[in-house]
Amino acid sequence: MAKKVNPAKPLVILVIVIAAAAAVLLYTQVASRYFQGTTAPTTVPNANFAQISSCREISSAGKYYLAGSLSTQIQSGACLNVTASNVQIICNGNGLYGSGPYVIVPPFTYGILASNVSNVSVEGCAIRNFSYGVYARSSRLLSISSSNVSSNYVSNIWLQNSSDSVISSDVLSYNPSAFGSLRINGSSTNDTVSDSRLAYNAKVGIVVNATGNRFVNNTIRTTPVSFSCSGINGFKHSNYASANICFNSSGCSFAVCRGANIQPNLTDVQLGKQVSSCGTISSSGTYRLSKDISMNYSLNSSATEQPCINITAKRVTLDCLGNSISDASTGINIFNSSVSVFNCNVRNSRIGINVGSFADINISGVTLRNNSGFGISLSGTQHAILSDINAYGNQYGLGLSGALYTVVNKFNFLLNRFGIYLTGSTTNTFEGGVAKNNSVADVYALDSALNVSSGNLFQASSCTVGDAPWANCKFRIAPSLQFYPLQSCSPLVKPGTYLLMSNLVGVTSTCFNILQNGTTLNCNGHSIISPVQRGSGILAAGKSDVLIENCSIYGFRNGIYASGSKIYISNIVSSGAVTGINVTGAKYITLINNTVNTTYNYSIYLSNVSQSLVQGNKINNGLYSNIALYLLDSASNFIRNNSFVSTVTGMFLDGNSRNNTVVYNYAERNAQDYVCSEQASGINSESVGINYGTKKYGCTWMAAVLPPSLQPASACTTTQAPNNFQLTSDYAYGSGSTCFTITKPDSSINCKGHTVIATNGGTFADFENASGAASLSNCNLAGFTNAVLARNSSITISNDTFFTNSSVSSRSTAINVTGSQRLVVVNDTILSSQYGIIASNVASGSISDNFVDGSYTFRLTNVSNTKINNNVATASKVAMSLINSLRNSIKDNTFIGGEQGLLCSGASTNLDAASDLGGNKCSNSYACSAWLGSSLPSCT
C-alpha cells in the first residue's frame with residue numbers, strides 16, 4: 001500500500017524521483033547491449049468484461065474471467081481462440097482441460113491459441129491435455145504468468161514468430177515430446193522467460209530455435225535435456241541466460257548449467273583412483289567414487305551403448321563410499337575377473353551393475369533403485385558373492401543368465417517387476433534374504449534353472465510368489481514358455497520371445513508384423529524369402545523395446561521396416577530388396593553387425609531418426625541408383641565402423657542431418673563415397689572425424705582419406721623456391737608440428753576444397769619472409785592449434801574454413817600475421833578458436849567478409865591503411881580490438897562481444913585511428929568514440 005506523501009519534505013521526494021529515473025536509465029542501457037527490441041504501450045483500454053463458461057473465440061478487447069474449470073472433448077482447434085488484441089484472460093486458478101489427441105500429427109488442439117495479435121495476457125490458469133497448452137503465432141507483447149501449463153502432448157508453451165513477450169512464474173511440466181516443454185521458434189525475439197519451474201518433462205525443458213531472447217532465474221529439474229538449441233541459435237551471444245538452475249545444455253553455448261553433456265566416447269576417459277566422472281578403469285588397484293555422478297544417457301546416442309564406469313582390469317576394488325550413479329545406460333560394467341564393488345547406489349539407469357562371463361566377483365552393500373532393466377545382471381559369471389543387496393523399483397532386481405556358483409545373501413528385492421530372474425543358471429545359492437511384493441514374481445526361473453535338479457538353493461529366505469519349486473515361495477505360479485515357436489508367417493500379437501523354427505519360402509506379402517512392445521524375434525539363422533518386392537519381411541511400426549536378430553531376408557520392398565523407439569536390429573542379412581533396412585521416425589535405434597547386399601534403392605534408410613547407433617554394418621553391391629546408408633533429417637546419431645563397397649553412393653547425409661558423429665567408416669569402389677547436402681556440409685555440422693574413402697561431395701567437416709596402409713606420402717613440405725601447391729585429396733595430419741613451411745615469395749597453397757584434419761594440433765602453413773604474393777585458399781582446416789602463421793610475408797588468405805583445436809592449447813589461433821606489407825583476409829569462416837585473427841605490424845590490405853566466432857575474434861596491433869569491411873564477429877570476450885592502429889577504414893561490420901564489442905587502446909583512441917564509413921554495429925565500444933561517426937549510435 002502506498003504511503004501518504006509529507007508535503008513538508010519535497011526535497012526527499014525529488015531525490016527519490018531522480019534515483020528511480022537513474023535506475024530505469026541504467027537498466028535500459030544494460031539491456032540494450034543484448035537486445036534492440038521495440039516497445040509499445042501495454043495498457044488495455046476500457047472494453048468488455050465477460051465470464052468464460054465454454055470454449056469460444058475471443059474477438060473483442062477486454063477482460064475475460066474463467067468462472068470455473070472447463071473440460072472439453074474437442075479433437076481439433078482451440079478451446080480459447082484469441083483473435084483480438086488487448087485481451088486479458090484471468091483464470092483465478094481454474095483450468096482448461098482437454099482430452100488429447102495424444103499424437104504428434106495433425107489435427108492439433110490448443111488450450112489457448114493467439115494469432116496475429118498483441119498485448120494478450122494469460123494469468124493464473126491451469127492448462128492440460130491439449131496438443132499445445134498455449135500457442136502464439138505472429139504475435140507481440142504477450143504475457144503468461146502464474147500459470148500451470150503441463151501435460152500437453154506436443155508442447156506446453158510454443159511461441160512461433162512471436163516477440164516482446166514475457167513468460168514468468170509459471171510451472172511447465174510433464175511434456176512427453178522432444179519438441180520441448182517450452183519452445184521459442186522462428187523469428188521470435190526479445191522474449192523473456194523468468195522465474196519459472198520446469199520439471200518431469202520426458203525429453204527437453206526449453207528448446208530455443210530463435211535469437212535475441214532472455215532466460216533468467218528459471219529452474220529446470222528431472223528432465224534429460226535442460227536447454228536445446230540448433231545452429232546459430234545456440235551461439236554465445238545469440239541469446240542470454242543467467243541464474244538458471246539447470247543440469248545441461250545441448251548446443252546452447254549461452255546457457256551455463258551445473259552439469260555437462262557427456263563426452264562422445266566415454267571409453268577414452270581413463271579414471272584415476274579418485275573417481276569423479278564416468279570413464280574406464282583399466283589398471284588394477286583401489287578406486288573411490290568421490291561424489292554423485294549422472295551420465296544423463298539420453299543426451300548422446302553413442303553413450304546409450306556405453307557404461308558409466310567400465311572396469312576392464314583384473315584385481316580392481318571400487319568403493320563408492322555411499323555415492324550414487326544415476327541416469328546411465330549401465331551404471332557399472334564389470335568386464336574382468338577378481339573385481340569387488342562396495343557401497344554403491346545406482347538408480348534411474350537401464351542396468352545398475354552388469355557382470356559378464358568372469359569369475360571371482362564380490363558385490364556388497366549396494367542399492368539398485370528404479371532401473372528400467374536389471375538392478376544387477378550376471379551373465380555367464382562364475383563364483384560371485386553378492387551380499388547386502390537392496391533392489392527396489394527395477395524391471396528385474398537380480399538377473400542370472402548362465403551364472404554358476406553364485407552366492408546371494410542378506411538381500412532385499414522389493415517392488416520390482418521380477419525380484420530374482422534366472423535362465424540357464426544352476427548351482428546358485430540364496431540365503432538370509434527377502435523377495436516379496438514384486439509385481440509379477442518374486443522368484444522366476446526358466447529352462448534348466450527351474451527344476452529342483454538345477455542345484456539352486458533358497459535357504460533361510462522368504463518369497464511370496466514364484467515358479468521354482470526349490471524357492472518354496474508361498475504361492476506357486478506356472479512357468480511360461482521360454483519362447484513361442486514360429487513355423488509360418490503371422491502377426492506377433494503379444495509380447496514375448498519368438499523363435500523361427502525353419503526357413504520360409506515363397507512369401508508374397510509382409511511376413512512378420514510385430515504388434516506389441518516388448519517383443520523379441522530371433523530367426524535362429526533361418527531365412528525369409530520372397531520372389532516379389534512387396535511388403536516387408538519384418539514390420540515393427542510405432543513400437544518400442546523390440547529386438548530383431550539372426551535373420552536372413554531375401555526380396556520384399558523392405559527387408560525390415562521399423563519406427564518407434566528402443567528397437568535393436570542385429571545380425572541381419574538382407575538381400576534383393578528395394579530397401580534393405582528402413583527406419584523412419586524413430587529414436588534410440590541400434591543397427592549393429594548387419595549385412596545388406598544387392599538392394600535397389602537404399603541399403604539402410606534412416607529418416608527422422610535421432611540418438612541412435614549404426615555400427616559395424618557391411619553394405620555391398622548396390623544396384624541401379626543405390627545409396628548404401630542414407631540419412632534424411634536425422635540428427636545426433638553415432639555412425640562408426642560401417643563399410644560401403646561397390647555401391648553407387650556410400651553414405652549420403654541429406655536435409656537437416658546434423659550433429660551426427662561419423663567416424664572410421666570405410667568406403668571403396670563406389671561412384672561416390674560420401675555425399676552431404678548443403679545443410680549437412682558445414683564444418684560444424686558433425687563431430688570432426690576420419691573416414692576412409694576418397695570421393696567426397698560436400699561434407700567439409702570430414703576428412704575422407706585412404707586407409708593407413710594405402711595412404712600416399714603427406715602433401716606437407718618445406719619449399720625454398722616459389723611454388724604452387726594444390727591438394728588432390730583430404731589428409732589426416734598427426735605429427736602435431738608444421739605441415740607446410742613457405743620461405744619464398746609468390747608461393748601459394750590451394751586446397752581445392754579438401755579437408756585436412758590435425759589429430760594432434762600443430763600448424764598447417766607457416767609463411768616466413770615470403771614477401772611477394774603468397775596465398776592460401778579454399779582450405780577446410782580442422783583441429784590445428786595455430787592453423788596459419790605468416791611472418792614478414794605479404795599474403796592473401798581467402799575462402800577458407802577453420803575449426804581450431806582449443807583443447808590442445810589454451811591459446812589456439814586460426815590466423816596469425818606479423819610484419820606484412822599487404823594482408824588480405826577475405827571470405828573466411830573461423831569457428832571455436834581462442835583467437836580468430838591476430839595481425840600486427842601490417843602496412844596495408846583488406847580484412848573483409850569474414851565470419852569469426854571465438855574468445856577474441858579480431859586483434860589488430862599497429863595495423864594501418866587497411867579496409868575492414870562487412871565482417872561478423874561474435875566473441876565471448878572481445879570481438880574487435882584495435883591497438884595503436886591508424887588510418888584504417890571501417891564499414892558495415894558487426895562486433896558482438898561478451899566483454900567488449902569494439903575496444904580501442906593506445907593510438908587507436910585518436911581521431912585518425914580509423915574512418916567510420918557507416919553501417920557498423922557493436923554490442924558496445926570502449927575508447928573508440930573519437931573516430932566513430934555515423935556508427936556511433938549503434939556502437940555505444
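**Disulfides and a cavity in a predicted model**

Cys904 and Cys928 form a disulfide, with their sulfur atoms 2.0 Å apart. This is a predicted model, in which local features need pLDDT of at least 70 and side-chain atom pairs count only at pLDDT 80 or more, while totals for chains, interfaces and linings use all residues. Residues are numbered from 1 along each chain as its sequence is written, and side-chain values use heavy atoms, with hydrogens and water left out.

Q: Why is the link of Cys463 and Cys473 called a disulfide?
A: A disulfide is a pair of cysteine sulfur atoms within 2.5 Å. The sulfur atoms of Cys463 and Cys473 are 1.9 Å apart, so the pair is a disulfide.

Q: What makes the disulfide of Cys922 and Cys939 right-handed?
A: The torsion about its S-S bond is about 70°, and the disulfide is therefore right-handed.

Q: Why is Cys922 called buried?
A: Buried means under 20% relative accessible area (exposed is over 50%, partly exposed in between; 1.4 Å probe, protein chains only). Cys922 has a relative accessible area of 8%, so Cys922 is buried. Cys939, with 0%, is therefore buried as well.

Q: How are the residues of the lining of the largest cavity divided into nonpolar, polar and charged?
A: Ala, Val, Leu, Ile, Met, Phe, Trp, Tyr, Cys and Pro count as nonpolar, Asp, Glu, Lys and Arg as charged, and the others, Gly among them, as polar. The lining has 10 nonpolar residues, one polar and no charged. A cavity is a set of points on a 1 Å grid over the protein atoms alone where a 1.4 Å probe fits but cannot get out, and lining residues have an atom within 4 Å of a point.
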